[in-house]
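Trainee: I'd like to learn how to read the charged pairs and the helix packing in a model like this. Could we go through it together?

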Amino acid sequence: MNTYWTDYNEYNDSTLSKLYVIAETDKECLRYLILDAMIRTKDPLRCQWITTAGTMIKNDFPLKWPQFMNQIHQCLSTDNVNAWESSLLVFYALVQHYEYKKVEDRTAIDDIMIVILPLLLQRFMQLFTANDSDQSAIIQKQILKIFHAYTQVFHIEKRHILRSDRSLF
C-alpha cells in the first residue's frame, strides 16, 4: 500500500516501465471505506488499517480527501464507542503528520481542531464520569495523546521564543 499509493516514482530506472499505482477510483473507494473497515475489525488488523490511513493522510489530505474530517466528526458524534476508538486512532495519525510542522503549515489542522476539540472534550468527560472500563481508559488516553501531539508545536515555539529573549539580555 505504501509503495503503490503515490506515483512519485513514475518509472523504474532499469526498465523504464511504469510502476503500478493504485487507480484514483480505487483510492476514492478506499478513502470512503477505511474508517468503516476499522470500526468493524479488531486490533491485529486495525493496526494495518492505521498504517494505511497514515499513508493516505500524508499523501491525500486535505486536497484529495476533503471529506476525511466529516467522516471523523460523524464517527465521534455517534454513541458507538468502537467508532470513537477507531476514528481517534486515525485522527491521531493526522495530528502526528502535523505535529512538528511550522505554524504557517498547520492551518489545516488548526481549522479542524476548532471543530473537533470541543467534541473530544465532551467524549473525554463522558467517559471519565460514566465509564470505567478498559476500553474507556484506552479512548481517554488516545484523546490525551491527540491533545499532546497537537499542542507540541506551541511548546517548542514557546521554548524557542524564550531562548531568543534570553539573548537580548
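**Charged pairs and packed helices**

Mentor: Let's start with glutamate 24, which counts as partly exposed because its relative accessibility is 40%. Buried is under 20% relative accessible area, exposed is over 50%, and partly exposed is in between (1.4 Å probe, protein chains only). Keep in mind that this is a predicted model, where local features need pLDDT of at least 70, side-chain atom pairs count only at pLDDT 80 or more, and totals for chains, interfaces and linings use all residues. Residues are numbered from 1 along each chain as its sequence is written, and side-chain values use heavy atoms, without hydrogens and water.

Trainee: Which residue forms a salt bridge with glutamate 24?

Mentor: Side chains of opposite charge can pair when their charged atoms come close. Here the partner is arginine 31, with 2.9 Å between the closest N and O atoms. A salt bridge needs a side-chain nitrogen of Lys or Arg within 4 Å of a carboxyl oxygen of Asp or Glu.

Trainee: Is arginine 31 buried or exposed?

Mentor: Arginine 31 has 0% relative accessibility, so it counts as buried. Its side chain also meets that of aspartate 60 in a salt bridge, at 2.9 Å from N to O. Arginine 31 sits in helix α1 and aspartate 60 in helix α2 (residues 43–60), so this pair ties together parts that are 29 residues apart in sequence. Helices here are DSSP runs (H or I, at least four residues), numbered from the N terminus. Both arginine 31 and aspartate 60 are buried.

Trainee: What else does arginine 31 touch?

Mentor: Leaving out residues up to four places away in sequence, arginine 31 touches Trp5, Glu24, Met56, Asp60, Lys64, Trp65, Gln67 and Gln71. Contact means heavy atoms within 4.5 Å.

Trainee: How many salt bridges does the structure hold?

Mentor: There are 6 salt bridges in the structure. One of them joins the side chains of aspartate 36 and arginine 40, 3.1 Å from N to O. Both of these residues lie in helix α1, 4 residues apart, or about one turn of the helix. Aspartate 36 is partly exposed at 35% relative accessible area, while arginine 40, at 66%, is exposed. Elsewhere, salt bridges with shared partners link Glu24, Glu28, Arg31 and Asp60 into one network.

Trainee: Now the helices. At what angle do α1 and α3 pack?

Mentor: Two packed helices are described by the angle between their axes and the distance between the axes. For α1 (residues 24–40) and α3 (residues 68–77), the angle is about 25 degrees and the axes are 10 Å apart. Axes are lines fitted to C-alpha atoms over the stretch in contact, with angles from 0 to 180 degrees between N-to-C directions. The two helices are therefore roughly parallel to each other, the word for angles under 35 degrees.

Trainee: Which residues in α1 and α3 meet?

Mentor: On the α1 side they are Arg31, Tyr32, Leu35 and Ile39, and they meet Gln71, Ile72 and Cys75 in α3. So our buried arginine 31 turns up again, this time in a helix contact.

Trainee: How far apart are the axes of α4 and α5?

Mentor: The axes are 12 Å apart, and α4 (residues 81–98) packs against α5 (residues 107–130) at about 145 degrees. From α4, Trp84, Leu88, Phe91, Leu94, Val95 and Tyr98 take part. They meet α5 residues including Ile109, Ile112, Met113, Ile116, Arg123 and Leu127.

Key:
Angles under 35 degrees count as roughly parallel, over 145 as roughly antiparallel, 65 to 115 as roughly perpendicular and the rest as oblique.
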